[in-house]
Amino acid sequence: MPRSYASAVLNAPADDVWSYLRDFGNLADWMPGVETGVIEDGGPADRVGCVRRLIGPGPRPFRERLTSLDDADRSYAYEILECPLPLRSARARIRVAPVTGTGQAFVEWWGEFSADADDEEAMEKTLTQAIYTTGLDALRKRFG
């Protein structure tokens, strides 16, 4: 299974970054290109099993289900149920860890997916660069 990965150091305590990121429904607040994001049933955004619906870029939605949330590990995982990209069986995880000695946060975002052989390389680059790295860059700016 192909794997995409990106990481960043944010100039904020890990607990502060995790407090913000653990809200599975707030992606539209910080991810460039995501215009709207809602939890489909209106329930809590930290309930395992909830589904977020994201619009943008483009008219076709992304639908993603929260599959785990671990406050002790400062991480959550999700699976992509529907998206405009040629992916199948896509799963991802975001994790926040403290950088010892500096008080900063180390954030990792990675995913694994299936795709047709002709699409694998392009999808690995799209996830790594256009989604994960772009999102982490936006978080770096948000947390100064």
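In helix H1 (residues 14-21), the buried residues include Ala14, Val17, Trp18, Tyr20 and Leu21. These residues lie on the same side of H1, because they cover an arc of only 160° around the axis; the arc is that of the directions from the helix axis to the C-beta atoms. Buried here means under 20% relative accessible area, exposed over 50%, and partly exposed in between (1.4 Å probe, protein chains only). Helices (H or I, at least four residues) and strands (E, at least two) are DSSP runs numbered from the N terminus.

The model is a predicted one, in which local features need pLDDT of at least 70 and side-chain atom pairs count only at pLDDT 80 or more, while totals for chains, interfaces and linings use all residues. Residues are numbered from 1 along each chain as its sequence is written, and side-chain values use heavy atoms, with hydrogens and water left out.

Strand E3 holds Arg52, which is buried at a relative accessible area of 2%. The Arg52 side chain makes a polar contact with the side chain of Glu64 at 2.7 Å and also reaches the backbone oxygen of Phe24 at 2.9 Å. A polar contact is a pair of N or O atoms within 3.5 Å; within protein, one must be able to donate a hydrogen and the other to accept it, and residues adjacent in sequence count only if both atoms are side-chain atoms. Leaving aside residues up to four places away in sequence, Arg52 touches several others, among them Leu27, Val38, Phe62 and Tyr78, where contact means heavy atoms within 4.5 Å.

Turning to the largest pocket, about 340 Å³ of space lies within it. A pocket is an open set of points on a 1 Å grid over the protein atoms alone, where a 1.4 Å probe fits, with protein on both sides within 12 Å along at least five of seven lines; lining residues have an atom within 4 Å of a point. The lining comprises 22 residues, with Met31, Gly56, Pro57, Phe62 and Ile131 nearest the centre. Helix H3 supplies the largest share, five residues. By class, 17 lining residues are nonpolar, three polar and two charged.

Pro57 sits in the loop between E3 and E4 and is exposed, at 59% relative accessible area. Two residues other than glycine have a positive phi near 50°: Arg74 and Ser89.

Definitions and conventions. Points joined across faces, edges and corners; volume = space filled by probe spheres on them. Nonpolar A, V, L, I, M, F, W, Y, C, P; charged D, E, K, R; others polar.
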